[in-house]
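Here's a quick tour for anyone meeting this structure for the first time. Take a look at the sequence and the model, then read on.

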Amino acid sequence: QARHRELIRQGRLEEARRLGRQDGTAAGPAWLEFLLDCLGSGENCAAADTALATDAAASPRVQLVAWSLLGELDKVGEVAARLVGNIGAFETELLFIAELGKFREQPAFRQLLADIGISAYWETIGCRFSESGVRCDG
């Protein structure tokens with residue numbers, strides 16, 4: 001998954017597609033094929049959305065990144081909200097990768113930080129989250 005993200009960040013969509021095909025089924029998950037089409041040509045975006053929504057095998061971390069790439073920030077928020085209380089389901093640093101940048105601009109992100117205790121922790125060490133990132137006193 002990290003390799004897919006890196007290839008997508010670099011605009012190497014066909015390499016990401018080939019890697020997806022190597023990861024299991026002959027064609028890879030349908031939503032990945034559609035997602036790469038959407039990112040590359042703007043085609044199949046609705047198909048990517050539908051296929052991702054119906055793929056029970058797509059983990060929450062995969063959903064967070066894929067929905068974000070599709071610009072579906074409400075769905076990113078929904079997945080993140082389901083993870084509250086089950087924070088072991090993903091690594092917290094995932095919330096700060098480049099692909100989730102637009103989600104971090106949403107009020108739901110601040111609420112998520114509060115719900116999982118990050119805001120409270122930051123406050124104990126003199127830090128807070130602002131529009132431009134984490135700011136610490138001193």
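## Core, helix pair and a lysine

Let's start inside: the largest nonpolar core has 37 residues, and Trp31, Leu64 and Phe103 are the ones that touch the most other members. Keep in mind that this is a predicted model. In soluble globular proteins, nonpolar side chains tend to be buried together.

Setting aside neighbours within four places in sequence, Trp31 is in contact with Ala48, Ala51, Leu52, Asp55, Ala58, Val62 and Ala66.

Next up, a pair of helices:

| Helix | Residues | Residues meeting the other helix |
|---|---|---|
| α4 | 45–53 | Asp49, Leu52 and Ala53 |
| α5 | 60–69 | Gln63, Ala66 and Trp67 |

The residues of this α4–α5 contact split into four nonpolar, one polar and one charged. How do the two helices lie relative to each other, and at what angle do their axes cross? The axes come within 11 Å and cross at roughly 165°. Angles over 145 degrees count as roughly antiparallel, so α4 and α5 are roughly antiparallel to each other. As for handedness, α4 passes α5 in a left-handed crossing.

Is Lys75 buried or partly exposed? Its relative accessibility is 23%, so Lys75 counts as partly exposed. Leaving out neighbours within four places in sequence, Lys75 is in contact with Asp49 and Trp67. Both Asp49 in α4 and Trp67 in α5 also belong to the helix contact in the table. Lys75 and Leu64 are eleven residues apart in sequence, with their C-alpha atoms 8.0 Å apart in space.

Key: Residues numbered from 1 in each chain as written. Predicted model: local features only at pLDDT ≥ 70, side-chain atom pairs only at ≥ 80, totals over all residues. Heavy atoms only, no water. Core = buried A, V, L, I, M, F, W, Y, C linked by side-chain atoms within 4.5 Å. Buried < 20%, exposed > 50% of the residue type's maximum accessible area, 1.4 Å probe, protein only. Contact = heavy atoms within 4.5 Å. Axes fitted to C-alpha atoms, helices over the stretch in contact; angles between N-to-C directions. Helix = DSSP H or I, 4+ residues; strand = E, 2+ residues; numbered from the N terminus. Parallel < 35°, antiparallel > 145°, perpendicular 65-115°, else oblique. Left-handed = near helix turned anticlockwise from the far one by under 90°. Nonpolar A, V, L, I, M, F, W, Y, C, P; charged D, E, K, R; others polar.
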